Amino acid sequence: QVQIVESGGGLVQPGGSLRLSCAASGSISNSYNMGWYRQAPGPQRELVASTTSSGTTNYADSVKGRFTISRDNAKNTVYLQKNGLNHEDTAVYYCRVVTIVPNKVYWGQGTQVTVSS
């Protein structure tokens, strides 16, 4: 009964910025972890950034200093501010939500980010 909706993807020029949003609704409490993953052409899905319900954050080395993850618990929403985008950031970005009670994993449908001049 949990729905995950991602938004904010699109086409951006190198050096530009985007902000992705991931909103969770339904039977969800504030005890959840959320993360952003991305998948370029191919089977591998890479962790980009994550945040726990307690506020701990983690970033991939490739995005440190450029991406910032934040959360608004009142809205059950997490954001990924992406600055200084380059061609290597082109991918489908997926939001993952892990709830504690019940212990389940949910994936969003993905949002395409394309960096091109």
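Some ground rules. The model is predicted, so local features need pLDDT of at least 70 and side-chain atom pairs pLDDT 80 or more, while totals for chains, interfaces and linings use all residues. Numbering starts from 1 along each chain as its sequence is written, and side-chain values use heavy atoms, with hydrogens and water left out.

Fold first. The protein chain has eleven strands and zero helices. Those are DSSP runs, numbered from the N terminus: strands are E, at least two residues; helices are H or I, at least four.

Next, dimensions. The C-alpha atoms fill a box of roughly 45 × 25 × 20 Å along the principal axes.

Now burial. Buried residues make up 44% of the 117. Buried means under 20% relative accessible area, with a 1.4 Å probe and protein chains only.

So which residue do I want to show in strand S8? Thr77, in the strand that covers residues 77-82. Thr77 is buried, at 6% relative accessible area. A polar atom of the Thr77 side chain lies 2.9 Å from the backbone oxygen of Lys75. Leaving out residues up to four places away in sequence, Thr77 touches Cys22, Ala23, Tyr32, Ser70, Arg71 and Asp72. Contact here means heavy atoms within 4.5 Å.

Notes
Buried < 20%, exposed > 50% of the residue type's maximum accessible area, 1.4 Å probe, protein only. Polar contact = N/O pair within 3.5 Å; in protein donor to acceptor, adjacent residues only side chain to side chain.
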